[in-house]
Amino acid sequence: MGIEHILVILAPIFFVIALGYLAGYFKKYNMETSKGLNTFVTKFALPAHLFVGVVTTSKQQFIEKWPFVVTMFLGIVGFYIILLIVSRYAFKMDLTGASMISLNSAQPTFAFMGIPVLGSLFGAEAVAIPIAITGIVVNALLDPLSIIFGTIGQRGDNKDEKSESLWKITIKSVLHGLSEPLACVPLIGIVIVLIGIPIPELFNDMLNQIGTTTSGVALFAVGVTIGVRKISFSVVSFAIALLKVAVQPLVMLGIATMIGLSADDTVKAMLLVAFPGSAVAALIATRFEKREAETASAFVISAILSLITLPILITWLM
């Protein structure tokens with residue numbers, strides 16, 4: 001695929017992001033109202049879109065996607081664990097800080113850019129399952145794991161208290177992750193397909209009324225989120241951003257090649273992790289009051305860098 005074709009595909013996407021950025025920069029939105037946009041995308045529009053994509057997929061297609069599930073697990077959760085170990089022991093960071101750095105280096109903003117970017121390349125129907133799998137890995141596994149490690153880092157010295165608190169926080173974090181629409185809605189859809197429960201076409205049409213709004217609103221929300229944040233240009237922020245948009249996709253390529261994914265699935269896996277860092281990951285860092293400035297800035301910097309890295313990756317892969 002030529003660079004001209006790539007630019008034609010990406011130009012409308014980056015235009016909507018830029019429009020959202022201007023809206024945030026000129027105070028048409030603030031932090032609170034931008035959260036409303038993010039909530040609409042992550043809890044309503046995208047889950048509805050993914051549910052329709054999942055339940056209109058055959059049972060055999062799901063069975064054939066297990067290698068993709070393993071690839072995304074290793075490329076996202078495995079990448080997080082490696083970075084956590086390196087940050088903790090090579091760079092001597094405290095456990096909570098290391099967890100936040102690693103989370104923001106590993107979690108992509110797939111919920112906002114997956115449908116518009118991959119949908120433009122492969123078609124919306126072809127990417128619903130990969131995006132749904134990514135949502136389950138991120139929300140049901142990665143985020144709870146990072147919260148657990150973050151909490152361990154904040155525990156006191158009392159071993160009995162530590163054990164009891166850790167057990168409670170583990171259960172709470174996993175349940176919270178599974179309760180997120182981007183995790184539970186695709187899971188429900190997968191169960192429905194595997195059991196063989198038919199879904200009326202009318203129901204899918206009703207969900208599509210909100211699901212089809214995902215692309216434009218999601219991209220606008222990314223721009224707004226960038227526009228309302230202040231940027232701190234630090235070495236840590238740039239390191240997180242580079243790990244996110246440059247290193248992780250290359251790691252994913254190695255994993256996909258090792259597992260033997262098809263060429264199309266390899267491209268989808270790489271691009272899903274090549275998107276900018278996630279605002280949700282930055283918010284988790286804020287919750288723990290660790291590395292808030294660096295992670296929030298890394299989200300913005302990675303979004304800017306993706307304007308360069310995404311066209312390069314797509315030109316190379318396609």
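**Two helix pairs**

Begin with H5 and H12, where H5 passes H12 in a right-handed crossing (the near helix is turned clockwise from the far one by less than a right angle). This is a predicted model, in which local features need pLDDT of at least 70 and side-chain atom pairs count only at pLDDT 80 or more, while totals for chains, interfaces and linings use all residues. Residues are numbered from 1 along each chain as its sequence is written, and side-chain values use heavy atoms, with hydrogens and water left out.

Select residues 95-106 for H5 and residues 235-259 for H12, whose axes come within 8 Å and cross at roughly 40°. H5 and H12 are therefore oblique to each other. At this contact (heavy atoms within 4.5 Å), Ile101, Asn104, Ser105 and Ala106 of H5 meet Val236, Ile240, Leu243, Lys244 and Gln248 of H12.

Next select H4 (residues 66-90) and H13 (residues 263-274), which pack at an angle of about 30° with their axes 11 Å apart. That angle makes H4 roughly parallel to H13 (angles under 35 degrees). Display Phe68, Thr71, Met72 and Ile76 in H4, which meet Asp265, Lys268, Ala269, Leu272 and Val273 in H13.

Finally, centre on Thr71, which lies in helix H4 and is buried, with a relative accessible area of 0% (buried means under 20%, with a 1.4 Å probe and protein chains only). Its side chain reaches the backbone oxygen of Pro67 at 2.8 Å. Leaving aside residues up to four places away in sequence, Thr71 touches Met252, Ile255, Ala256, Ile259, Leu261 and Ala269.

Key:
Axes fitted to C-alpha atoms, helices over the stretch in contact; angles between N-to-C directions. Helix = DSSP H or I, 4+ residues; strand = E, 2+ residues; numbered from the N terminus. Parallel < 35°, antiparallel > 145°, perpendicular 65-115°, else oblique. Buried < 20%, exposed > 50% of the residue type's maximum accessible area, 1.4 Å probe, protein only. Polar contact = N/O pair within 3.5 Å; in protein donor to acceptor, adjacent residues only side chain to side chain.
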